[in-house]
Amino acid sequence: MGRIDVEKMPYEEYTNRQLLLIPLAVLGVALLVLVGAYFLTGTPVDLGMEFTGGTEIRLDAQGASGDEVRETFSSLDTESIQGVGTGNSYLLSTQETDTSAFEQAASESGYVVQSVESTSASFGSDSQREALIGMVAAFVGMSLLVALAFRSFIPSLAVVASAFSDIVIPVALMNLFGIELGLGAVAALLMIIGYSVDSDILLNNHVLRRHGSFYESTYRAMRTGISMTLTSIAAMVTMFVVATLFGIPLLDSIALILVFGLTADLMNTYLLNVSLLRWYKYEGVK
Amino acid sequence: MVDVRDNWRILMLVVLCFVAALALFGPLGAGGGETGLADNQTISDPTNLQYGLQLSGGARIRGSLVGQTAENVEFAGTSTQSIESTVASELGVDPIDVTARPGQPGTVELFASSENISQQRFASALNSAGLDVSADDIRNGVTDATRDRATDILQSRVDQTGLSGASVTTVSAATGGEFIIVEAPGEDRESLRELIGSAGRVQVVAGYPDPNNDTAPQMDPILDQGDFANIQGATRTSDGGSVGVTLTEEAAEPFAEKMISAGFTREGLGNCDFDAATDDPSPNEHCLYTVVDGEIVYGAAMGDLADSIDPGQSGDYSGFLANPAFQINTNSYEEAQRLSINLEAGSLPTTLEIESSEFLSPSFAQAFKPLALVTGLLAWLAVSAVVYFWYRDVRVAIPMLATATSEVFLLLGFAAAVGLALDLSHIAGLIAVIGTGLDDLIIMADEILQRKEEVKTGRVFQSRFRKAFWVIGIAAGTTIIAMSPLAVLSLGDLQGFAIITIVGVIIGVAVTRPAYGDVLRKLMLEDVKRK
């Protein structure tokens, strides 16, 4: 059978500390970005309209240029106006929730209003709290299930730590790329929990519950795991590119965040998780 | 020969796919139903799938009822009327804005936000009414009974406007809030907002000269929603619109007496010149004002009705009592239509404060249907290429892709069967399901097709299959656990995403992945034979 193999990682040549250094450094930088953003803006990540309140209006400018569109709304209190998709659509955001002035200005200029979404500030902050509760509950639930499955501290910790890092790194990247945290992003971050534990559990399972040497087991888990993650990344990259070209909301941000998370997962599983497992296997208290 | 015992999992998958096909295309689906869209607004679709707002267009408004509730109140013999009137006069609000409900224990609701009247003030007003209540017993929000009534009224309002496919539902948020969601396909946002955003309380107020005050007229509310026995609907008039109503017997007599004693049928006849946009009620005129939610929308003198109430100034209104018909006037026909709906459906107990609203134009939203399909297909092609790259063996790759595809097909069948309205979030969920599904299939293929041992019997397959399934089971469990908070929370879009992902994972673990196991078993045994 022509199964393509992945490169063997020369784990033997590096100490656990050396292996841990990279993922922990990346995680540290990511946390620094979040803390920095928190002190600069008051939130660790830029929150979307669904969480802060306000309105997003998407309109088809019928051929008008970006500057003309900006001119149309210049007398109104807009936060930003951005082009979306490949067509002539623009996304206008504002803190106002009474949008009649905007809709009137749009129709006077002959623009077609495609969608209007608005959220009151109080409802936004409720959603914020609710989303946070959901994220924490999901993470705690996942941790408990992992602990129950492996019934030993270090291997469970390895899975949970790498899932944590898989979530924190994309959030930091969202800051750097200027992606707002909306409902779609929350869904994507939760999806990362689901995707990331797959390869971690696979690795733990091969190392702890199989016969054979540590390196042999790791290698076999890696072959399967890397195939899985790269396949998922391929799906998500495609989804991101296509959704961006078509200007489909929600799908583009979900896809991009999953690409970030899955890439972070490759690093975390095969550096952080592997080194923790090796330490547990050879030096740890059993 | 196909051995049923060895291949029952594949057979089950085929049967379920057939059932899903029936649900999608045949008679098993929940039915398309009326979408409320004109034919030219919809793109024809051969399936029974139903689409939500994001893929079919329309407006959705989420709001909460304004009010605060004192709970666990012991009424101790005090009548609800006296509580309501005492509290209302203490707080300076209309008695209709206070509702006391006896029970074990009772509740008192105040239909004003705590920003306007603090919980402290509400509590002290309740104390003046002889009730032992502290500010701690008061929460924001209204009672279930009030919310149910409001939901019924809103439903009847949307029904009467002929918004087919419109729905009114309530959801509760994990953080305690209760929301009412009104959704109308194809309807534009402003008209939906107008329809539900107001309490819709209609009154007729008699304004006439006050002998003791020459700067402001005497204003007496004389007719209320409850005084109308029959509503005939809106009609066009020369200067606007009007709604014909019939008064109840109980309301007709005091109304006629008031009209005569206040002079509407005599000296005040025709003495009203009022424009709601510019004027305040004049102290010298006899006007009947139409008041909606406390705002005067129209004022006019009594017309022909005077002949029926007070024929020849005789004061004999028996003719009116025999046919107590009355016209409520408005500035426009549209306003009259809205008024008629409000009268018919009744007024909301309190205002619905709009928390979030969404509007998507039908043509814009429906364009996403094919685009989302193309996105899914391209993602599927990308995955196929990568899977083929890994295995270089069509015997592994094709069943793997077929299994993943059947998973999506089953999910769509499920959506059609239960009548789930698909939105973009569900599409994202579907693509996520393909992703985790393929991950699991790769785990199974690698586990079962490993080459290191000589295998002789199906027992090796069983043990490998079980090992692979342990990993898959735990991974599926974590995905379900990670998604379940979203499935319960009322975070709009995310609920659909979570539900699709969870159902997809369950279908995958229970049906499609075991079936792929059977395919792999065959491949494994073939490999053995060749060695």
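This is a predicted model: local features need pLDDT of at least 70, side-chain atom pairs count only at pLDDT 80 or more; totals for chains, interfaces and linings use all residues.
On the side of helix 1 of chain A, the contact is formed by A:P23, A:V26, A:L27, A:A30, A:L31, A:V33, A:L34 and A:A37. Helix 6 of chain A contributes A:S165, A:V168, A:I169, A:V171, A:A172, A:N175 and A:L176. Sorted by class, this contact contains 13 nonpolar and two polar residues, with no charged residues.

These helices belong to a chain that holds nine helices and four strands. Read from the N terminus, the elements of chain A follow the order α-α-β-α-β-β-α-β-α-α-α-α-α. The C-alpha trace of chain A spans about 75 × 45 × 30 Å along its principal axes. Chain A has 286 residues, of which 53% count as buried. Among the contacts in chain A with a separation of 6 or more, 76% involve residues 24 or more positions apart.

Strand 1 of chain A, residues 54-60, is mostly covered, with six of its seven residues buried. Strand 1 of chain A pairs with strand 4 of chain A through seven bridges, and these two strands run antiparallel. Within this pairing, A:E56 is placed opposite A:E117 of strand 4. Strand 1 of chain A also pairs in the antiparallel sense with strand 3 of chain A, residues 89-94, over six bridges. There, A:R58 has A:L91 of strand 3 as its bridge partner.

The pairing of strands also extends across the two chains. Strand 4 of chain A, residues 112-119, forms an antiparallel pair with strand 16 of chain B over five bridges. In strand 16 of chain B, B:S356 stands opposite A:T119.

The contact between the chains as a whole takes 59 residues from chain A and 62 residues from chain B. On the side of chain B that touches chain A, at least two residues each come from strand 16 (352-360), helix 11 (362-391), helix 13 (424-448), helix 14 (458-488) and helix 15 (493-530) of chain B. Helix 11 of chain B gives the most to this side, with 15 residues. By class, the residues of this side of chain B divide into 41 nonpolar, 13 polar and eight charged.

Helices of the two chains also meet. Helix 7 of chain A brings A:A187, A:M191, A:G194, A:Y195, A:D198 and A:L202 to the contact. Their counterparts in helix 13 of chain B are B:S425, B:A428, B:A432, B:G435, B:T436, B:D439 and B:I443. The contact of these two helices has seven nonpolar, four polar and two charged residues.

Chain B contains an open sheet of four strands in the order 10-9-13-14, with antiparallel pairing. Strand 10 (213-224) and strand 14 (295-300) of chain B stand at the edges and have a single partner strand each, so one side of each is left without a neighbour in the sheet. Neighbouring strands of this sheet are turned by 30° against each other on average, direction ignored. Strand 9 of chain B, residues 202-210, is joined by six bridges to strand 13 of chain B, residues 287-292, and the two run antiparallel. In this pair, B:V202 is set opposite B:V292 of strand 13.

B:I341 lies in helix 10 of chain B, residues 333-345. B:I341 is buried because 21 other C-beta atoms lie within 10 Å, where 20 or more are required. Not counting residues up to four places away in sequence, B:I341 touches B:R157, B:Q160 and B:T161. B:I341 and B:L223 are 118 residues apart in sequence, and their C-alpha atoms are 17 Å apart in space.

Note on methods:
Residues are numbered from 1 along each chain as its sequence is written. Chains are lettered from A and ligands numbered from 1 in the order in which they are written. Two residues are in contact if their C-beta atoms, placed from the backbone, lie within 7 Å. Ala, Val, Leu, Ile, Met, Phe, Trp, Tyr, Cys and Pro count as nonpolar, Asp, Glu, Lys and Arg as charged, and the others, Gly among them, as polar. Two strands pair if DSSP finds at least two bridges between them. A residue is buried if 20 or more other C-beta atoms lie within 10 Å of its own, exposed if 12 or fewer, and partly exposed in between; C-beta atoms are placed from the backbone. Axes are lines fitted to C-alpha atoms, for helices over the stretch in contact, and angles run from 0 to 180 degrees between N-to-C directions.
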